[in-house]
Amino acid sequence: MAKAANLSKSDLDSSSGSDLSVSSRTSNRSLRVVEKERRKNEAGDPFLLALKYFSEVEAGTPCIGNDVLERNLVQVERVGLSRGLPPEAISVMLDYAMSLRMGGMMCVRVLKFLIPATMVPQEAVVRAVAWLCVSKIAISTQVLFLRWVLTVFDMIDSKDNLRAIYGFIFHFVTEENLSPYICHLLYLLTRRESVRPFRVRKLLDLQTKMGRQPFLLLLLSLYKVFCPELVALALPSRMRSGFKNHNSTWKAALSAVQKRNNSQVSSDISLTLGVKHKTNSRKRKYHHLEVPSLSSSVQRNSPFSSSRKVFPLEQLHTFPQLLDNLHRIELPSQMGSLLGSSLALCYLDYVQDDSAFLRLNFWLGHALHEEFLFCSGDGSSGSSSGALHLLNRLLSTQHFLQEGFSSTEGFLYKFLNVWDGSLLRPQILGLLSGIPVVPSSCINQLLFEPLVQLFFTSTLFFKCSVIDCLNNMLLKWLTWHSVYALEDGLDISFHSHTPMNMTLSGFMDSVVELVRFVGRLSAVGLQLEGCHSLLLSFILDFYETVCDMFLKYGLPLVVMPPVGVFYPALFATDPVSLDRLGYIMYRYKKNLTSAKCQQQETKQAFHISRQTYREFNHYLSFMVSCLWNSKMFLPGMAIEVDQELLSLSKVAEPWTSFDLIHHPAFLGYALDFHHKCWPERKEMDLNSIKAGKQWDWYLEFLFSQGFQGLQQFVQSSITRRSAAGTNDQGQGDRQPTNS
């Protein structure tokens, strides 16, 4: 029995071994078949044969009359322009071109069809830069190579080795023809550790030699962000784009390749390059306005990533992940991708990295200028939807960060001069409302003049949108002031990533200019639109902000509305406008009284002008005389009408036409109240409301209808005397006075 068992076990082991042997032989045979098939394909694939040729061709091989060279070159060129070249092909062809094995003409031709399909190996670019140091390549060819690097910069798989040779690249900055492109490349590669005193001195020497070139100023501004103590040069707060668009040679081909391959690598060429020459820019439509996908600048499986334990941004999905990896996150190569991720924006707001904001401003500036400002306005529906998506993303980002971007500000100032007022109106006005404080010396040219032309030639709804935009702008300015104003002094600084230092007096000048500008717009707009109640509502919204600047926002400033706004609101036919005017006057009085008391107690270095007090007292006395004392159109009033003209109107007692009973805004309420008090009367006598307790009842009736602004105005500005159950109309309290 045991023997039988042993035999069975032996047979089983033998059978198992035989099966394994058969399986192993089958697997080996399959591998040989696959390898044989691969070699067969390689032997028959002309593209692979062409790459093999260029990797093995020796230096000095003649190119003129070389049919083999031409055949292989055409093969690679056809693939490059149709499908794009894989990373291995990029490495082979770039090394072949930059080594000048067959002369400079072949180098230029190869660079022009060097279109990557997915990504560009970093080592290939590093080797190509090394060939620049040989000094055998013509300057024009070196320029072409640098333009190619700038074009495909965002497709390079990693930038660490390029940053490691930062010094070699900086060496070429002294070459006059290469300097604009070298500065652009250095701008993209610069980190804090890249800034050295000798480099700052070199750039300053170049500026002395070449003048204040924009590309030098931009690189110096980046150096100043990292090390302000090294760059003592005063740089302009607003600089035009200094890096021109160098990608025209490859842009169309690269876009076509990516569209054809449906590539996952979002290489938005406009993300890193600047304004293209005007000869071609006007013909474009919105080609590259989409927000790029979020991807880390370091490849996930690269040795650098594993050594530093970098956490890729595309793997960030939850807030706890953000908290756990705050010090391991690597910013993306395309800063525009941050606009698509709220978690990435949280990280950006936390680290407060000036270089990150500078890079994001750089991306936004070129995306908006190159692909939006300079494009034609007759884009397709898909193009306009891309612009809409980008601007909505930008709006939500600025709302999230609670500050705007200097690049957006510069774009808006230029765009207002060519805007028709209808293209993407909500987005443009939303961005406009978020611009930081504009100095009073240039606010008229940058902001007011373009808006005036649009405002007076537009529809009612556009006028309302502009007033609402300027109201939101003022609200944000006042909020910034209340947050950043120093407690111990009057100087304030706006701590944003678009540096602007402004004294309190300078800030007040800008606010005064804005308020007066809106006053002029409002007065003329009401005339043009026949005092339309909708426009008047938006104007009163604005002055509800203005009247509370001192108490609510701590700004020692009071600006009264112009007569073109006050009187249309006082004579408005809708009760809501008159009620809101009452509230505005009530708040003006509270602010003026508080400012005067504080000025007398603390003796601070600010004061409200006497003219402001006189304007307020004039408005207040006229409003009380009109609504309460029934003294309209009488001699000595602000509005006088000839008595003969009044008699021709055949209106009985015209001086009572605008009191709280006969005012067109309240006439319906007076009729309703009269009917409730004397339901059996057949004759309507509204003057009977003023007699006895009916006047108090009428006021309570009005206040119960929700007219709280009117109630506050009456209680604060009108002295009511009661005696023996009767009420006499009192006089307006004209305080505060300062005459």
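**Notes on the model**

The crossing of helix 24 and helix 27 is left-handed (the near helix is turned anticlockwise from the far one by less than a right angle; clockwise would be right-handed).

1. A word on the basis: this is a predicted model, in which local features need pLDDT of at least 70 and side-chain atom pairs count only at pLDDT 80 or more, while totals for chains, interfaces and linings use all residues. Residues are numbered from 1 along each chain as its sequence is written, and side-chain values use heavy atoms, with hydrogens and water left out.

2. Back to that helix pair. The axes of helix 24 (residues 504-528) and helix 27 (residues 563-570) come within 8 Å and cross at roughly 50 degrees, the axes being lines fitted to C-alpha atoms over the stretch in contact, with angles from 0 to 180 degrees between N-to-C directions. Gly-519, Ser-522, Ala-523 and Leu-526 of helix 24 meet Gly-564, Val-565 and Pro-568 of helix 27 (contact means heavy atoms within 4.5 Å).

3. Thr-612 lies in helix 29 (residues 610-627) and is buried, with a relative accessible area of 10% (buried means under 20%, with a 1.4 Å probe and protein chains only). Leaving aside residues up to four places away in sequence, Thr-612 touches Val-558, Met-560 and Leu-592.

4. For the overall picture, the protein has 33 helices and four strands (DSSP runs, H or I of at least four residues and E of at least two, numbered from the N terminus). Of its 739 residues, 49% count as buried.

How values were computed
Buried < 20%, exposed > 50% of the residue type's maximum accessible area, 1.4 Å probe, protein only.
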